[in-house]
Structures are given as C-alpha cells and as structure tokens.
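Here is a friendly tour of the model you are about to see. Keep the structure open beside the text and follow along, topic by topic.

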Amino acid sequence: MSLALIILGAGKGTRMKSDLPKVLHEVAGAPMLVHAMKSAAALSPERTIVVAGHGAEQVEAAAIAFDDAARVVLQTEQLGTAHAVAQAKSVLSDHEGDSIVLYGDTPFIEPDTIATMVAARKTHDVVILGFNAADPGRYGRLVMNGDQLQKIVEFKDASEAERAITLCNSGVVCAKTDVLFDLIDAVGNENASGEYYLTDIVEIARSRGLSATAVTCDESETLGVNSRAQLADADAIFQDKMRSEALENGVTLQAPATVYFSHDTVIGRDAFIEPNVVFGPGVTVESAARIRAFSHLEGCHVSQNAIVGPYARLRPGAELAEDVRVGNFVEIKNAQVEAGAKVNHLTYVGDARVGARSNIGAGTITCNYDGVMKHHTDIGADTFIGSNTLLVAPVKVGDNAMTASGTVVTSDIPDAALALARTPQVNKPGLAVKLFAKLKAQKAKLKKGA
Ligand code: UD1
Ligand code: MG
C-alpha cells in the first residue's frame, strides 16, 4: 500500500539561536530532517512532503539530496501542528493510502516503530505513537479506554487527573490520507494556546465513530531537539548507538568513546579502529583494515587489510585498494591508490591514480591546482617516487619509473625511465670553514658597534 510521509519542520527553533532552519542542524553528519526521512525509508514512502517555514529553499535542497522526489510546502505562519499538516493537503489530494506524520526535529524514531504503526492502521483509523514518560512534563497526554484512544489532551488544557497520566504523545501520527485531511479540516483553535492542534483529530475521529489507538515506543526514540545542548545530547546518544553496533558487528574499537561516527559509516568485521578517529559522512572501511590513531576520514573507501594513519586525512574520493599503506601526515583526495601501494609520510595525493605496489616517498606533492583549474596526475604501477618530488599536473609517470629526490616533474615520464630534474651538486673544498670564519667576524663587528 502506498505511504506518504509528512515531516513537520516549520517551527522557528528560537532556542537554537541560529540562522539555519532547526531541522538542518546535524546529528552525526546528517541534518535531523534526513534522520527523520531515513526512519521511514525502510517503508519506501511513495511521497515525502516536508512542511517548512523560514529557510524553505535550504530545507528543500537537503530533502532532495536524500530523496530527489521529496517536496517542500510552505507554512508561512506557524498556527499549530494541524495547520502545518494542512499545508500538505493540496499535494496529497489524490493520494490513496496512509500518511505518516513525523517531526523534523525528532531524529530517532526507529523504522520498526513506524512499521508497527502502519500495521496497527489496518485495524484502526487513527494510530498515534505514545511513550511512557519518566517525566511527563508538558507533553500531550493520551487518554485511553482499553485499546481505544479516546483523546489527546495538551498539557496546558489538561485537568489535574489528566496531568497525572504518564502515557504521552510523541507527535507521530498514522491515518489514511483522506481521513487525516477530513479530520484536520474540523480542527479549531479554541484552546489555551489559540493553536490548531493536530492532537485534536483523535477526539474528532472518535466522535465520528472512527477508531483510534496508540502504539508505544521507548522514550529515547522520541527525543526532540530544541537547543544546542539537546543537539549535543542527541549526537552523544547517536554515537553510543553507533559504537555499540560496531562492536556488536565484530569491529575492534580500542577506545570506543573517542571514535566519532557519521550516520552512514560502514565498517567491516575485524576492522581495527585505534583511538581518536573521526569518520565524516560517506566512509566505508572493509574488513581487517586498520585505522590508526588521530585519523580523519570522509567520503572515502578503505579496502581489506589496508592500514591508514596515524594522523592521516582521507578526503572525498579517496579509494584505497587492498593492502595499501597510508602513513602519518598524508592527505589523499579524489585519488585511487591501487593494491599494495605505499604513501607513508608527509604527502599530498590529490586528483590522481597511484598504481599498484608503487612507493611514494616522503614529502611528495601532486601539484593539482594551478590557481584556476584542477589537473590529474597518473602514476603507474611499481614506480618509486623519490622523496620531495613535485608532480606538476597534468602529468603521467609510466610503470616501473623512478624519480630522483627533489625532482620537479613537469613532463610525462616514460615506462621504466628515471626522471632527474634538480640542479647538479658542486662541492667546494675547504670553503665551509672559511665561510664560517668570515660570518663569525661579521657578527663580532656588529656586536662591538652596538
Ligand atoms: C507537540 C504535541 C504534543 C506532544 C509533543 C511531543 C500538538 C498540539 N502537541 O507539542 O502533544 O506531546 O509535540 O514533542 O501537536 N510545527 C510546525 N508548524 C507549526 C507548529 C509546529 O511545523 O505551526 C512543527 C515544529 O517545527 C515541530 C513540531 O511541529 O517540529 C512540533 O511542534 P511543537 O511546537 O514542538 O509542539 P509541542 O508544543 O512540543
Ligand atoms: Mg516540541
């Protein structure tokens, strides 16, 4: 059955004190909005509608980057959660199926929870996600009668008895799309806040003889973010989860609390991650690879048995084949390093290929940028690039070629050739001692005059 996803994200997020729309603040390298979209992704929603307020263009760009069919509708005035959902009506008027409403600032709803709600929708017209709150605070309260949900009361409008209820509203709703919008049409704003409450649809549904129920989840899934402190808490919770999953999947983390993951980090079994490693978005590390301490990786792929670091930086497009070695203070960007190649010390390899088993000496730089354009360096297999070689791209180094230390390579090197481009050395016998004496005399004269 077709599913539509409606994500609410028009709230101002005043407490974030930010120019960025709240739903675009990141948890583990992805906007909260994308976390919400990922929660529902397993159910393959046919349509995704994001309700945005200020910064709608930025919100749209982020939504489309995750799902190019996503649409953003504008809620220019924030008149309440029912009013927010109502903005999606025109783009869902022909939708046959169920709609799920999620909040864009609640990033941790589990896919299984949403699946349970969709399953419960088969026997109930309206399904609400509730949770038993340790501290129910100002959450809306779910008033149950057996398995029937009678109504949701907002804290501000609740009686003492209702405030004593600990089963709270998470905000996630599932209903048949046309039923949802019919119910929303009937919602008014005569309440303590003067807002159009989405929660009112439950009582309206019941008064029309429809059935409503609540599915529950763990409170941790409903964690919402309203401030920078809560954003940091959300990130910490997410990191703990990623670390536990990695350990569970057979990855060694020597000091788990010091390893930072992104939402999409993939690490194979028997990989070994030393302390203080940061994984930015888009990293895959294959099995039995080792990432040594203080390395920073993003948008890259590390194959089996490769060793990276300590203090290495792999930037987007770095592709390391099996058994590659990348050592300290090495930066690799948009480059294929083929099987068994070694780039061990103080080197920049950007926009390049390094052929299999080649050895790149310390201090080698691919000069890939001329100030305007980027150019490619192609290094063949089984080469030896001497220390402090500058490869001025575009340039090609043939298989089995060698460069002498300090060479500035400005033209292609044929297979098996040695390139040597540096000023020949001249030794002047005894001149060092004479020069020292002269310089020392000059210094003494200066001191006297001072
Ligand atoms: C809402 C629920 C409450 C629930 C709580 C869970 C209602 C009336 N109340 O209250 O029962 O316990 O969430 O956190 O629904 N938004 C818009 N446009 C608006 C108003 C809100 O897009 O006009 C978005 C916000 O950006 C946010 C979400 O809807 O993502 C929830 O809004 P918020 O104001 O936080 O609702 P609460 O008062 O917390
Ligand atoms: Mg809220």
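## Around ligand 1

Ligand 1 has 19 residues surrounding it, and the closest are G11, Q75, T81, E154 and N169. Please keep in mind that this is a predicted model.

**Polar contacts and cover of the ligand**

- T81 uses its side chain: one of its polar side-chain atoms is 2.7 Å from an oxygen atom of ligand 1.
- G11 comes in through its backbone, with an N or O atom 2.9 Å from an oxygen atom of the ligand.
- L79 also takes part through a polar backbone atom, and here the distance to an oxygen atom of ligand 1 is 3.3 Å.
- On its own, ligand 1 has 750 Å² of accessible area, and the protein covers 79% of this.

**The nonpolar cores**

- As background, nonpolar side chains in soluble globular proteins tend to be buried together.
- The largest nonpolar core in this model has 54 residues, and the members that touch the most others are F279, V302 and L314.
- Two or more residues of this core come from each of α9 (228-248), β21 (312-314), β22 (318-320), β24 (330-337), β26 (348-354) and β32 (395-397).
- Among the contributors, α9 gives the largest share, with five residues.
- What does L314 touch, beyond its neighbours within four places in sequence? Its contacts are H296, L297, E298, C300, V302, V308, L320, V326 and I332.
- Another core, of 35 residues, lies apart from the largest one, and its members include A10, L142, V173 and V202.

**Helix α1**

- Helix α1 spans residues 32-41 and is mostly covered, with eight of its ten residues buried.
- The buried residues of α1 are M32, L33, V34, H35, A36, M37, S39 and A40.
- For orientation, an α-helix has 3.6 residues a turn, so residues three or four places apart point the same way.

**R243 in helix α9**

- R243 belongs to helix α9.
- Is this arginine, R243, buried or exposed? R243 counts as buried because its relative accessibility is 12%, below the 20% cut-off.
- A polar atom of the R243 side chain is 2.9 Å from the backbone oxygen of P256.
- Setting aside neighbours within four places in sequence, R243 is in contact with L253, P256, A257, V259 and F261.

**V283 in its loop**

- V283 sits in the loop between β15 (278-279) and β16 (284-285).
- Although V283 is in a loop, V283 counts as buried, at 0% relative accessibility.
- Residues up to four places away in sequence aside, V283 touches D264, T265, V266, L297, E298, G299 and C300.
- H263 is 20 residues from V283 along the chain, and the C-alpha atoms of the two are separated by 10.0 Å.

**Cysteines**

- How many disulfides does the structure hold? There are zero disulfides.
- C168 is in no disulfide, and the nearest cysteine sulfur, which belongs to C217, is 11 Å away.
- C168 is buried, at a relative accessible area of 0%.
- C367, by contrast, counts as partly exposed, with 24% relative accessibility.

- Most residues other than glycine have a negative phi, and most peptide bonds are trans.
- The peptide bond from G309 to P310 is cis, with omega near 5°, and P310 lies in the loop between β20 (307-308) and β21.
- A cis peptide bond also links A393 to P394, again with omega near 5°.
- P394 has its place in the loop between β31 (390-392) and β32.
- F294 is not a glycine, yet its phi is positive, at about 60°.
- The loop that holds F294 runs between β17 (290-291) and β18 (296-297), and F294 counts as partly exposed at 43% relative accessibility.
- L346, another residue other than glycine, has a positive phi near 50°.
- You will find L346 in the loop between β25 (342-345) and β26.

Key. Residues are numbered from 1 along each chain as its sequence is written. Chains are lettered from A and ligands numbered from 1 in the order in which they are written. This is a predicted model: local features need pLDDT of at least 70, side-chain atom pairs count only at pLDDT 80 or more; totals for chains, interfaces and linings use all residues. Side-chain values use heavy atoms; hydrogens and water are left out. A nonpolar core is a set of buried Ala, Val, Leu, Ile, Met, Phe, Trp, Tyr and Cys residues joined through side-chain atoms within 4.5 Å. Buried means under 20% relative accessible area, exposed over 50%, partly exposed in between (1.4 Å probe, protein chains only). Helices (H or I, at least four residues) and strands (E, at least two) are DSSP runs, numbered from the N terminus. Contact means heavy atoms within 4.5 Å. A residue is near a molecule or strand if one of its heavy atoms lies within 4 Å of it. A polar contact is a pair of N or O atoms within 3.5 Å; within protein, one must be able to donate a hydrogen and the other to accept it, and residues adjacent in sequence count only if both atoms are side-chain atoms. Accessible areas come from the Shrake-Rupley method with a 1.4 Å probe; for residues, only the protein chains shown count as cover. A disulfide is a pair of cysteine sulfur atoms within 2.5 Å.
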